[in-house]
Amino acid sequence: MPIARILFTMPLPEPFDYTVPEGMDLVAGSCVAAPVGPYDRLGMVVDVLADQPGTNRKLKAVTAVYDVPPMSAAMREFLTWASRYTVTRPGTILAMALRAREALVPSPVELRYQLAGPPEGRLTPARAKVLEQAAALGRVSSSELAAAAGVSSGVIKGLVGMGALEEVEEVVDLPFAAPNPDLPGAVLTGEQASAAEELREGVRKGGFAAYLLDGVTGSGKTEVYFEAIAELLRSDPEAQILVLLPEIALTQAILARFDARFGAAPAPWHSGLNPKERRRTMREVLHGRARIVIGARSALFLPFRKLKLIIVDEEHDGSYKQEDGVTYHARDLAVMRAKLEEGAVVLASATPALETVVNAEAGRYIRLRLAARPGTARLPQIELIDLRRAPPEKGKWLSPLLALSLAETLAAGEQSLLFLNRRGYAPLVICKACGEKLKSPGTENWLTEHRYSGRLVCHLTGYSIAKPATCPKCGAADSLMGVGPGVERVAEEVRVLLPNARIEIFSSDTAQGGEATRGIVERMAASEIDVLIGTQIVAKGHNFPNLTLVGVVDADSGLKGGDLRAGERTYQLLSQVAGRAGRAERPGRAYVQTYTPDNPAMQALAANDRDGYLAIEREVRSELGLPPFGRLAAIVLSAPTADLADKAALEIAAAAPNSEGIELFGPAPAPITVLRGRHRRRFLVKSPRSVDLSAYMAAWVGRLKLPSQVRLAVDIDPYSFL
Ligand code: ADP
C-alpha cells in the first residue's frame, strides 16, 4: 500500500505518514482528512511514497480525500518558502491557506419554490394568495413565500402536493460573474499608454517579471494596471489575478471601478467577510473559477490554481506588514509568490518604499513612471507652516494662515481636509490638582480622552473606562483635563471658526465597518461635507473632486520614537494626504504645520522632491547597514511576570548561536513594556545582506526550551519596534 505524507493545518513540527486505502487516488497537493488522535483533521499531502515493505510501522489510514483540485506545485513551494522565511511551522502556514475549510466541499443547496402547472380543482383563499405571491416573486424560499402571503408553510407543502408549485434545489454560493476584458477603459494618455503597453507585453510573454509602477497620486496607476489585467484575461483563459489593497475602507470605491471596467465585481477576501462569503471566495479560487480576487494581505495565501498576475497597490503601505501571529510583509511575499508561479507582479505607488526603489535601481524590477495627472488636474502646492514663528493662539491648534485658508475655501464653495493622526479628543489626560497622568493599568501607556463616547481609552491595549468625575489619584473633583489635540478637538475648533460649515470626523471611531466608511466617503465626494477632519484613514485612495485645501495639523507626530522608517513613513503619509487636494479641474494647496521645518522629510515635501528624499534615506541606511542594505530580525518575548520575562530573556540570550557578521542587541524591555498583563522584552538582530537571517533565527529558536507561560515571536524584517 502506498504511503501518504501529510501536513496538517496545525502547529505540528513535521508531516506524518498514513496508508492510502485501495482505490483512493492521492497526489502531492491533495487535500485530505486523516486521524490525529481521536479526531479527523484537515491536511495536505506533501508526498506519496511507494510501499516500503520490511518496515513494519503501524500506520493509520487516510480517511477521505476532498474533491478539489490538488494544490499546485507552485503553491506548495510557496508554503514551504513562507514557512522557512517567517520562521513559522509549515502547518501554521498551511492553515492560513485553508482557512475556510467549508470551501473544500461543494456549496450547500437550498430548496426554493416556484410556480408549476395550473392548479387542479378549487383553491382556498390562502392557497390563492400564495400562488399570487409566487407569480410576483419568482423563485423564493418557503419561508419568504409564506411570509409574503401571510400563511403557514403547510399551505406551500399542500400546493406542491397538488402540482401548483414545484421545489427546486438552488446552489447557495453562486460562482462569480466572469469579467469581460473587452469593455472600454479610459482613453489613456501618452505615458499611461506606454506603461500599459509594457505591462501587456510582459503579461503576454509570460514568466516572472516584477514591475514598479511609480506614478504620482492620481496619475492613473489603476487605469494602467487594469490594462495588464485585461490582457491576461484575454490571453489565458485559466489565469487568475490577485489585486492586493492595503485598507479595506478603500475597496468599496475600487469595486465600482472594477465593475465598470470588467462588467463584474471581483471576488473579495478580507477580514470583514462573513463565513459564507469567505467559503465562496475560497472555493472559487481553489477551483480556478474566480478570475480576479481583490483582497487584503492575507489573500496572498489563498490556494490559487494558476496565479499569473499580482498587483500590490500602494505597495509602500505599512498595513501590508502583518504584526500579530505569523509576521510577514505581503509585498515581499507577493514578489516571491509571483516568482514561484512564474507570473508578473506589479508594485504600484506614488511614494514607493526605499526597498522597492533600490530593487528597481538595481534592475531587479522594471520601473514604469507616470509623472503627470491626466487632463488639467495638477498636484497641489505644498507649503510648510513653521509653528515656531506662526503659532496658533493659546488653546488652539490651527495657525492663523490655515484658519484663514479654511474660511476662504468655504467661501469659494470648495472643500477642506484636515489631517491629524490622533483619534479622540486629547491624547493625554492630566489632573490639574496633582499632576497625575492617567495610564492604562499596569502599563506606561497614556489614556486618550474621547468626548463623544465620554470615555478614556488606551489605543494600544483597548482598555477603556468612563471618564471619572474625580482624579483616581488625589480625588479632586473636576480636575481632569485633556492635553494636546485629537481629531475631536480640532473639530471643536473648526466649529467655532466656521459655524455654518458642515463638519465631519473620519476616523476608525466614526467609520466602523464598510457601510459607515462608504457613507462618509460618498457624502464627501458629493460635496455634502465642507470640512473633513480625519486620521490616516483619509490618506488613501479617495477621489474628492471638490477638495482643494489640505491642512496637516501636526506633521511632526510620526517622527517621534526610534523607528528606522519614521522619516520615510512621514514623507509617504503626508504626501498621500496632500495628494488628496486638487484632483479634478481645481488647483489644490496643502499646508503642513510643523515645528521641525528643517527636517529632510519636511523639506522634501515642500520641494516635491521625493527622489531627493529617498537619496538621503538611502545614504543613511546604507551607512548604518539597515534594510535594504542589511537585514534585521526581532524576537519579542512575553511572560506573566517581569521576573519570568527577565529569566527567559537571559536564557534566550545564552542560546544565541555564534555567527560571523551577526550583531545582537538586547535583551531590552520593549517600549510597550506591559501589554495585556504580559511583560515584554525584545532582541534585535542585525546582519549583512549575505546572511540567511531566517535560518539563523530558526536555529536559535530551535534550541530553546522555555516554560509554557513564556511566549515568543520572531519577526523577520520588523517594521514596528514597540
Ligand atoms: P492613481 O491610481 O494613480 O491614484 P487613478 O487610476 O485612481 O490614479 O486615477 C485618478 C483619477 O483620474 C480617476 O478618477 C481616474 O478614473 C482618472 N483617470 C486616470 N486616467 C485617466 C484617463 N486617461 N482619462 C480619464 N480619466 C482618467
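I call a pair of N or O atoms within 3.5 Å a polar contact; within protein, one must be able to donate a hydrogen and the other to accept it, and residues adjacent in sequence count only if both atoms are side-chain atoms. This is a predicted model, where local features need pLDDT of at least 70 and side-chain atom pairs 80 or more, while totals for chains, interfaces and linings use all residues. Residues are numbered from 1 along each chain, and side-chain values use heavy atoms, without hydrogens and water.

Entry 1, the ligand. I found a polar side-chain atom of Gln 192 at 2.8 Å from a ligand nitrogen. Lys 221 places a polar side-chain atom 2.8 Å from a ligand oxygen, and a polar backbone atom of Ser 219 is 3.2 Å from an oxygen of the ligand. The protein covers 72% of the 550 Å² of accessible area that the ligand has on its own (Shrake-Rupley method, 1.4 Å probe).

I noted 75 residues in the largest nonpolar core, where Leu 300, Met 697 and Trp 700 have the most contacts inside it (buried Ala, Val, Leu, Ile, Met, Phe, Trp, Tyr and Cys joined through side-chain atoms within 4.5 Å). Another core, apart from it, has 31 residues, including Val 203 and Phe 226.

Methods. Buried means under 20% relative accessible area, exposed over 50%, partly exposed in between (1.4 Å probe, protein chains only).
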